[in-house]
Amino acid sequence: MASSHTTSLPTRVLGSSDAGTALTVSALGLGCMGMSEFYGTPDESAGIDTIRRALDLGVTFLDTADMYGPFTNEKLVGRAIADRRDEVVLATKFGNERAPDGARLGVNGSPEYVRKACDASLERLGVDHIDLYYQHRVDQRVPIEDTVGAMAELVQAGKVRHLGLSEASPATIRRAHGTHPVTALQTEYSLFTRDLEDEILPLLRELGIGLVPYSPLGRGLLTGAIDREATALSENDSRRSPYFPRFQGEALEHNLQLVDQVRELADTKGCTPGQLALAWVLAQGDDIVPIPGTKRVKYLEENVGALDVTLTDDDLAALEQAVPRGAVAGERYGDMSSIDR
């Protein structure tokens with residue numbers, strides 16, 4: 001396919017037309033974080049190639065954040081979309097405050113910081129508006145009404161089109177939505193992470209809020225590319241650290257046994273384990289738009305192939321048996337203190 005030719009993909013709607021929050025996006029998005037930090041050595045050139053290939057394939061929902069890099073990922077995304085802004089639904093996030101040297105300064109949801117962070121993101125991205133602006137983590141010291149009130153001012157000013165939350169509790173989501181309608185919640189959701197099914201997903205559907213799962217491939221575990229020695233991960237990959245317990249020792253061994261069962265089912269479907277895992281997320285509802293991250297064109301193309309995988313009721317039941325809810329070993333993060341509960 002020539003790079004100048006753009007394909008269209010199925011679309012999904014986040015939010016509610018009744019609440020005026022509806023946002024139409026490609027059924028699969030692209031998480032851009034790993035292009036700049038955390039998952040091994042950054043590769044900006046490959047990242048830009050991947051973003052532009054995503055647009056050619058019809059993956060037009062791009063996700064970044066100011067803290068990735070820090071600050072460099074937004075600049076990378078901005079360069080990649082500079083001549084194609086009208087094709088993109090652009091999402092970014094604020095709230096995980098970092099210094100230019102990368103030091104973590106904590107979670108900041110103060111109204112003053114909201115305004116400052118948005119202006120800085122707009123400048124780095126080189127755009128005049130952000131389509132979906134998320135609070136990256138909930139600041140427990142600031143009433144959510146104050147944070148979302150400041151975000152609502154950004155909507156009124158035309159700097160932001162839609163509002164989102166990330167890793168917010170049911171109570172926070174309800175209060176935020178009462179302050180200004182919320183279009184989407186971004187949180188971790190995959191075959192390996194399903195706790196939101198109890199309260200959060202029903203609440204989102206009650207309120208007409210879409211779900212944007214990050215790490216829908218279990219941070220790469222569900223692709224089947226990571227072995228028991230984690231040789232696929234470079235020495236500077238954060239998944240090697242205790243911050244990601246699911247990649248450590250006996251937990252990794254246990255989790256890869258689950259992946260082996262996913263691989264067997266994928267073989268019978270004629271797809272890859274990652275495609276099957278993404279197809280499972282997509283099958284949980286058409287108000288769900290996963291954003292698998294990658295910095296490589298070949299993995300992007302594999303992920304897009306998940307849209308061609310149709311799961312029957314029998315397939316879903318087999319996956320449920322292979323990876324029962326709660327079967328994964330290890331917490332999502334070694335430190336869960338920043339997660340709103």
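Me: How many residues does helix α7 have, and what span is expected for α7 at 1.5 Å a residue?
Reply: This is a predicted model, and in it α7 runs over residues 249–269, which is 21 residues. The expected span is 30 Å, and α7 reaches 31 Å from its first C-alpha to its last, close to that value.

Me: What makes the buried residues of α7 line one face?
Reply: Buried here are A251, L252, N255, L256, L258, V259, V262 and A266. Look down the axis of α7 and these residues fall within an arc of 160°, so they sit on one face of the helix. Turned away from that buried side are the exposed residues E250, E264, D267 and T268.

Me: And what do the buried residues of α7 pack against?
Reply: Their partners are α8 (273–282) and α10 (313–322). Just after α7 comes G270, with a positive phi of about 75°.

Me: Why is the pair of F94 and Y133 called tilted?
Reply: The ring centres are 5.0 Å apart, and a pair needs centres within 6.5 Å. The planes stand at 35°; under 30 degrees would be stacked and over 60 edge-to-face, so the pair counts as tilted. F94 belongs to strand β5 and Y133 to strand β8, 39 residues apart, and the pair links these distant parts of the chain. F94 and Y133 are both buried.

Me: How many aromatic pairs does the structure hold?
Reply: There are 2. Y189 and W280 form a tilted pair too, at 5.6 Å centre to centre with 55° between the planes.

Me: Why does the pair of Y189 and W280 tie together parts that are apart in sequence?
Reply: Y189 is in the loop between β10 (184–188) and α6 (200–207), while W280 is in helix α8, so the pair connects parts 91 residues apart in sequence.

Me: How do you know whether Y189 and W280 are buried or exposed?
Reply: Buried means under 20% relative accessible area. Y189 has 1% relative accessibility, so Y189 counts as buried. W280 has 2%, so W280 is buried as well.

Me: Which residues have the most contacts inside the largest nonpolar core?
Reply: That core has 99 residues, and the ones with the most contacts inside it are L30, I51, F61, I81, L165 and I173.

Me: What does L30 touch, leaving out residues up to four places away in sequence?
Reply: Among the residues L30 touches are M35, I51, F61, L62, I291, P292 and L300. The list also includes T50, D63 and T294.

How values were computed. Residues are numbered from 1 along each chain as its sequence is written. This is a predicted model: local features need pLDDT of at least 70, side-chain atom pairs count only at pLDDT 80 or more; totals for chains, interfaces and linings use all residues. Side-chain values use heavy atoms; hydrogens and water are left out. Helices (H or I, at least four residues) and strands (E, at least two) are DSSP runs, numbered from the N terminus. The expected span of a helix is 1.5 Å times one less than its number of residues. Buried means under 20% relative accessible area, exposed over 50%, partly exposed in between (1.4 Å probe, protein chains only). The arc is that of the directions from the helix axis to the C-beta atoms. Contact means heavy atoms within 4.5 Å. Rings of Phe, Tyr and Trp (its six-membered ring) pair if their centres lie within 6.5 Å; planes under 30 degrees apart count as stacked, over 60 as edge-to-face and the rest as tilted. A nonpolar core is a set of buried Ala, Val, Leu, Ile, Met, Phe, Trp, Tyr and Cys residues joined through side-chain atoms within 4.5 Å.
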